[in-house]
Amino acid sequence: MTTATISQAPRRAVSRLSNLRWLVSDVAVLAKRSLARIAREPETLMDVTIQPILFVLLFAYVFGGAILLPGGGSYHEYLIGGMLAMGLAATAPGTAVALVTDMSSGLIDRFRSLPTARAAVLAGRTISDLVTQVIGTAVVAGVGLAIGWRIHTSLGDAAAAFGLALLFGYAFTWLGACLGMVLRSPEAAQQLGFVLFLPLTFVSNAFVPTQAMPGWLQPIAEWNPMSAVAAASRHLFGNPNPAASVPAWPMQHPELAVLAWSVALLMAFAPLAVHLYRRKAR
């Protein structure tokens with residue numbers, strides 16, 4: 001190995017470190033920009049504040065009395081795990097709408113003219129959405145406590161439940177970022193997000209046990225990632241969890257299933273979203 005080759009190695013390491021710092025700085029600035037917009041327009045938080053409260057009250061006091069849990073237990077406690085999964089996944093359509101809006105308004109074109117990392121625009125958007133997901137999680141937990149939901153396990157288990165749910169929610173926002181890159185209007189993003197999100201939520205154990213579903217639908221619901229998030233939350237919170245008696249692998253190992261789904265979503269959709277963004281920039 002020549003002296004020139006040896007001397008280039010530290011330079012490459014310094015260059016990579018500089019690029020990483022540049023990327024982190026760009027992501028932080030763009031995430032702050034998205035959060036500042038929320039401060040100016042707090043009504044944009046209705047999907048993680050007002051909507052979860054309405055759904056919790058609706059299912060707890062209107063539909064809950066007609067839903068029987070295999071093995072018994074409080075439906076109010078059963079409900080919160082499902083609402084946690086639903087509330088976090090519901091931010092993905094919002095990510096798509098926000099990105100399409102920025103694209104159509106020309107804001108993304110302005111970002112492209114700046115010396116910013118290509119991935120920073122999307123990463124900043126998803127990180128700001130993660131902050132809103134934390135707010136939504138706090139709202140769901142607060143309204144859950146108000147209707148009688150309790151955590152019956154350790155603080156560590158509860159933290160693991162919230163952490164897994166937020167990890168899945170963050171990974172899911174990258175699917176929304178991909179939709180934002182391929183759709184051409186906020187209306188289309190909102191409609192497609194609703195079409196994709198509605199069956200994903202309701203064909204799961206978020207609100208009803210899968211044992212009550214038709215036989216042909218049960219495997220679909222049991223392998224639905226929303227079911228894994230809800231089952232993992234219920235298990236770690238010590239809440240009623242009828243899915244524990246279901247032999248499907250995701251229901252027997254819900255925590256591992258959530259990790260697997262989260263990693264798969266990130267590996268599939270984060271690079272794809274960045275690729276689509278770069279292609280639009282050409």
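Mentor: Here are a few notes on helices and on one residue pair.

Mentor: This is a predicted model, where local features need pLDDT of at least 70, side-chain atom pairs count only at pLDDT 80 or more, and totals for chains, interfaces and linings use all residues. Residues are numbered from 1 along each chain as its sequence is written, and side-chain values use heavy atoms, with hydrogens and water left out.

Trainee: Which residues of H2 are buried?

Mentor: Pro52, Val56, Phe59 and Ala60. Buried means under 20% relative accessible area, exposed over 50%, partly exposed in between (1.4 Å probe, protein chains only).

Trainee: Where do they sit around the axis?

Mentor: They cover an arc of only 95°, so they lie on the same side of H2. The arc is taken from the directions from the helix axis to the C-beta atoms.

Trainee: And what is exposed on the other side of H2?

Mentor: Leu54, Tyr61 and Val62.

Trainee: New topic. Is H10 mostly covered or exposed?

Mentor: Mostly covered: twelve of its 13 residues are buried. Among them are Met226, Arg234 and Phe237. Helices here are DSSP runs (H or I, at least four residues), numbered from the N terminus.

Trainee: What caps the N-terminal end of H10?

Mentor: Asn224. One of its side-chain oxygens lies 2.9 Å from the backbone nitrogen of Met226. Just after H10, Gly238 has a positive phi of about 80°.

Trainee: How far apart are Leu272 and Trp174?

Mentor: They are 98 residues apart in sequence and 8.9 Å apart in space, C-alpha to C-alpha. Leu272 is in helix H12, residues 254-281. Leu272 counts as partly exposed because its relative accessibility is 35%.

Definitions and conventions. Helix = DSSP H or I, 4+ residues; strand = E, 2+ residues; numbered from the N terminus. Polar contact = N/O pair within 3.5 Å; in protein donor to acceptor, adjacent residues only side chain to side chain.
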